[in-house]
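Please look at the sequence and the structure below before reading on. The briefing then goes through the chain topic by topic.

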Amino acid sequence: MDYPYRVHTLYNGIRLIHKHTDSQVAHLGITIDVGSRDEERQENGMAHFIEHCIFKGTKKRSSSRILSRIDGVGGELNAYTTKEETAVFCTFLSKHYERATELLSDIIFNSVFPDKELDKEKSVIIEEINSYEDSPMELIYDEFESLVFGDTGLGRMILGTEKKVKSFSSSQVMDFIKKNWATNLIVISTVGDIKFEKWVRLIEKFFGYIPPKPINRQRKENYNYIPQHKELNRDTYQAHIMIGCPCYDYTSEKKVAFSLLNNVLGSSAMNSYLNMNVREKYGFTYLIESSYNAYSDNGIFQIYAGTDEQYIDKTLSLIKKGLQRFVDKRLTQSQIHKAKEQLKGQLSIQNDYNREEMLAIGKSLLNYNHVQSLEETFSDIDSISAEDILEVASEIFRIDNLSTIIYK
């Protein structure tokens with residue numbers, strides 16, 4: 001299969017990536033290499049705050065005109081913030097490419113952040129913070145990263161605190177953008193029915209006037225990880241367990257092997273090791289799954305389990321026993337083959353959702369300056385051996401290196 005993506009760089013450093021499809025529905029997004037970890041301590045929550053407030057008015061549009069510009073033709077406009085990225089994206093009929101492109105340019109480069117609108121949005125975000133704190137199944141993930149990474153950018157929560165959010169002003173927002181948003185840290189991605197050359201001309205029209213503004217982004221923090229055990233009484237009906245440790249960053253040569261191992265251990269698939277040997281075999285948990293998030297200079301491996309308080313110790317014991325099993329026993333060739341086929345199938349299905357692919361290729365170009373085709377990814381997966389799996393299991397699944405948080 002031919003390489004499906006075409007790339008281009010504007011003179012100002014903004015990178016573009018395109019995939020053509022025959023679908024009437026198109027997806028367009030802007031990913032910026034700025035997230036909550038790039039905030040100063042006193043700015044915690046600012047990146048997420050800006051993600052909310054870029055829809056609150058530009059030099060030529062009110063908030064209502066921004067929201068109706070794409071929604072008014074049946075499309076959708078949205079955004080998200082992670083610890084290392086901010087993304088703004090939209091879905092629309094392909095005939096509205098120019099409308100969508102112009103709107104995203106206006107939002108990203110011409111927002112004015114009026115204090116009156118910011119004050120209204122603060123109330124929305126504070127409600128989001130309160131709602132989040134009422135959801136222990138979600139909160140425990142952030143609290144676990146705080147436990148593992150400590151008082152660093154990766155350790156602080158994306159939403160910030162109510163006190164911090166209330167203190168933000170329009171001038172602080174503009175200062176953060178001026179300091180952190182740079183043209184070489186921006187990728188524009190699309191998946192849709194538009195010829196590459198025509199799309200590049202559209203991007204040149206609405207983004208080409210932006211002057212070059214490069215920033216040399218260097219993310220490297222001292223984490224000084226020490227395993228910890230923490231129990232909190234949150235008066236929840238169900239107990240929540242999180243166990244894990246730091247892991248490989250996204251540039252590591254061991255990332256693919258560990259991704260495959262994590263998928264075997266506790267992916268969302270019902271045949272994962274943890275689901276079969278904790279939930280199905282004993283009925284101790286309502287939900288159990290593992291995850292691996294790779295960042296630019298570190299990563300985190302974590303296992304979540306929701307269980308009844310009386311089963312906490314038994315659940316933890318089974319989890320640790322399972323981890324030790326992967327350290328002590330090499331996977332057979334049959335197990336490796338099945339694991340590879342499952343992961344490749346999951347990736348193929350994910351890639352079939354055009355919006356998710358649009359966001360994924362934007363992030364990949366941002367992080368690696370390259371996007372792998374599925375065939376290249378499959379080749380990397382196929383190259384993993386049982387010895388590779390055993391090596392990463394021995395490094396990451398050390399029982400004495402695990403931290404734990406329990407809500408009960």
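How many helices and strands does the secondary structure of the protein chain come to? The answer is 15 helices and eleven strands, where helices (H or I, at least four residues) and strands (E, at least two) are DSSP runs numbered from the N terminus. This is a predicted model, in which local features need pLDDT of at least 70 and side-chain atom pairs count only at pLDDT 80 or more, while totals for chains, interfaces and linings use all residues. Residues are numbered from 1 along each chain as its sequence is written, and side-chain values use heavy atoms, with hydrogens and water left out.

**The chain as a whole**

- The C-alpha trace of the protein chain spans about 60 × 55 × 40 Å along its principal axes.
- The radius of gyration of the protein chain is 22 Å, which agrees with the value near 22 Å for a compact globule of 408 residues. The radius is taken over C-alpha atoms, and the globule rule is 2.2 Å times the number of residues to the power 0.38.
- Of the 408 residues, 54% count as buried. Buried means under 20% relative accessible area, exposed means over 50%, and partly exposed lies in between (1.4 Å probe, protein chains only).
- Among contacts with a separation of 6 or more, 82% come from residues 24 or more positions apart. A contact means heavy atoms within 4.5 Å.
- The accessible surface comes to about 19000 Å², and 48% of this belongs to carbon and sulfur atoms. Accessible areas come from the Shrake-Rupley method with a 1.4 Å probe, and for residues only the protein chains shown count as cover.
- The protein chain has 50 positive and 58 negative charges, and their mean positions are 3 Å apart. Lys and Arg count as positive and Asp and Glu as negative, while His and the chain ends are not counted. The place of a charge is taken as NZ of Lys, CZ of Arg, CG of Asp or CD of Glu.

**The hairpin of β1 and β2**

- Strand β1 (residues 6-9) and strand β2 (residues 15-20) run antiparallel and are joined by four bridges. Two strands pair if DSSP finds at least two bridges between them.
- The two strands form a hairpin with five residues between them, and G13 in the turn has a positive phi of about 100 degrees.
- H8 has L16 in β2 as its bridge partner.
- K19 lies in strand β2. K19 counts as buried because its relative accessibility is 17%.
- Leaving aside neighbours within four places in sequence, K19 is in contact with P4, Y5, T190, V191, G192 and E357.

- Nine of the nine residues of β10 are buried, so the strand is largely enclosed by the rest of the structure.
- In a regular strand the side chains alternate between the two faces of the sheet.
- On one side of β10, G299, F301, I303, A305 and T307 are buried, and on the other I300, Q302, Y304 and G306 are buried.
- Strand β9 (residues 285-294) runs antiparallel to β10, with nine bridges between them. Four residues link β9 to β10 in a hairpin, and N293 stands opposite I300.
- β8 also pairs with β10 in the antiparallel sense, over nine bridges. There, A239 has T307 as its bridge partner.

**Helices α15 and α12**

- The buried residues of α15 include A386, I389, L390, V392, A393 and I396.
- Their cover includes β8 (239-247), α9 (255-266), β10 (299-307), α11 (312-328) and α12.
- L343 is found in helix α12 (residues 333-351). It counts as buried because its relative accessibility is 11%.
- Leaving aside neighbours within four places in sequence, L343 is in contact with L260, N263 and I381.

**Loop residues**

- Most residues other than glycine have a negative phi, and most peptide bonds are trans.
- F113, which is not a glycine, has a positive phi of about 50 degrees. F113 lies in the loop between α3 (97-110) and α4 (115-133).
- N224 also has a positive phi, near 50 degrees. N224 is in the loop between α8 (196-207) and β7 (229-232).
- Are these two residues buried or exposed? F113 counts as buried because its relative accessibility is 2%, whereas N224, at 68%, counts as exposed.
- N401 lies in the loop between α15 (386-396) and β11 (403-407), and at 14% relative accessibility N401 counts as buried.
- Not counting residues up to four places away in sequence, N401 touches Y225, P227, G244 and C245.
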